[in-house]
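Dear colleague,

Please open it first, and then read the notes that come after it with the picture beside you.

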Number of protein chains: 2
Amino acid sequence: MNQDEARLLYFRMFNEIGIINQLSSNRLERVLPDGMSVAQFSVLNHFVRLGGQWAPSRLARAFQVTKGAMTNTLQRLEAQGLVKIVADPADARAKLVEITAVGRKMRETCVRATGPMMGDVSASLQLDEVRAALPILEKLRKALDATR
Amino acid sequence: MNQDEARLLYFRMFNEIGIINQLSSNRLERVLPDGMSVAQFSVLNHFVRLGGQWAPSRLARAFQVTKGAMTNTLQRLEAQGLVKIVADPADARAKLVEITAVGRKMRETCVRATGPMMGDVSASLQLDEVRAALPILEKLRKALDATR
DNA sequence: ACTATCTCGTTCATCGTTGAACTAAATGCG
DNA sequence: CGCATTTAGTTCAACGATGAACGAGATAGT
């Protein structure tokens, strides 16, 4: 296996990933309630899965977006009462974000809205395959992340 | 395995894919020569790999972007002399795009520029893993594509 | 032949992200 | 302690993609 073949393999993978990303977020965007973007839903989902209070900068790192983008997303979420943002008592520069009860409800609504979204896809892609691909993707993401 | 668990698995996969996409295109963008976007490079790459003449609409479908986005990309490529766009003799609405010699040279330059990009990543991700993930991603992409 | 429908490529307003600049606060070092 | 550096969050111009509207040309049914 020479260098060029390896590079080509990576290119193809990134190409597939780029297209899948476009197709899947497009699909998701369509079924989400009005006023909810994929970015906003992802943040709500994150809080439901992991819980607790997160600083905006930590969220930005977790999602690999700039701080500016996260500021924007959080402001929209707060305006809808879906998250609560308070000052960090331990650091006057920082803030802490947490999901509200309304936010949890909205996340539930969103999840339910995605119900029929994957029907046709899960018919052709076995869950075993998803389970096989996931750890590899995580590894790749972490490798990219670590050496940014 | 119930419905909700399956959905969560898909969410996690799409989340990883979204982040990988951001990180990898970011990396690529950085090493590309000035004036070359990832979108433009992808089109050049496409032509080198598959050759021939392609209508803009066909390119748009292949890359899963809107016709408007492809118009934009092609105009930039043509302005730099990297592709040639001619009228389709068989269809007065359509055009045909092909890569130029200058375009091939530029693509070569870009590919060379990506050389050191993956060094640290390929150290932690085995090529076998890429080879294992690729067919699954292709399958997923095709499934999403088919039922758009 | 006529008409309705579809397709091709372009344009434009809108949206979300980036990257840089900025203020304020924390941290580290001599 | 004092000063330089780093970090947190915000703002803003620029960019690329979307989706809708449009004119021009192809296509199919009657």
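Directly after helix α4 of chain A comes A:G81, whose phi is positive, near 75°; here helices (H or I, at least four residues) and strands (E, at least two) are DSSP runs, numbered from the N terminus. Please keep in mind that this is a predicted model, in which local features need pLDDT of at least 70 and side-chain atom pairs count only at pLDDT 80 or more, while totals for chains, interfaces and linings use all residues. Residues are numbered from 1 along each chain as its sequence is written, and chains are lettered from A and ligands numbered from 1 in the order in which they are written.

To stay with α4(A) for a moment, its 13 residues should span 18 Å at 1.5 Å a residue, and its end C-alpha atoms are 18 Å apart, which agrees; the expected span is 1.5 Å times one less than the number of residues. The buried residues of α4(A) are A:M70, A:T73, A:L74 and A:L77. They cover an arc of only 95° around the axis, which puts them on the same side of α4(A), the arc being that of the directions from the helix axis to the C-beta atoms. As background, an α-helix has 3.6 residues a turn, so residues three or four places apart point the same way. A residue is called buried if 20 or more other C-beta atoms, placed from the backbone, lie within 10 Å of its own, exposed if 12 or fewer do, and partly exposed in between. The exposed residues A:G68, A:Q75 and A:A79 sit on the face of α4(A) turned away from its buried side, whereas the cover over the buried residues includes α2, α3, β1 (83-87) and β2 (95-99) of chain A.

Seen as a whole, chain A has seven helices and two strands, and along the sequence they follow the pattern α-α-α-α-β-β-α-α-α. Of its 148 residues, 26% count as buried. Two residues are in contact if their C-beta atoms, placed from the backbone, lie within 7 Å, and among the contacts in chain A with a separation of 6 or more, 51% are between residues 24 or more positions apart.

A:V97 lies in strand β2 of chain A and counts as buried, with 21 C-beta neighbours inside 10 Å. Although A:V97 and A:I85 are twelve residues apart in sequence, their C-alpha atoms are 4.5 Å apart in space. Not counting residues up to four places away in sequence, A:V97 touches A:Q53, A:W54, A:P56, A:L59, A:L74, A:V83 and A:I85. A:A113, in helix α5 (residues 101-113) of chain A, is partly exposed, with 16 other C-beta atoms within 10 Å. Leaving aside its neighbours within four places in sequence, A:A113 is in contact with A:V31, A:L32 and A:P33.

Turning to the two protein chains, 48 residues of chain A are in contact with 46 residues of chain B. On the side of chain A that touches chain B, α1, α2 (38-50), α6 (119-124) and α7 (127-146) each supply at least two residues, and α1(A) gives the most, with 17 residues. By class, that side has 25 nonpolar, twelve polar and eleven charged residues, where Ala, Val, Leu, Ile, Met, Phe, Trp, Tyr, Cys and Pro count as nonpolar, Asp, Glu, Lys and Arg as charged, and the others, Gly among them, as polar.

Of the 22 residues around DNA strand D, A:S57, A:G68, A:T71, B:G68 and B:A92 come nearest. The largest share of the surface near DNA strand D, four residues, comes from α4(B).

With best wishes

Technical notes. A residue is near a molecule or strand if its C-beta atom, placed from the backbone, lies within 6 Å of it.
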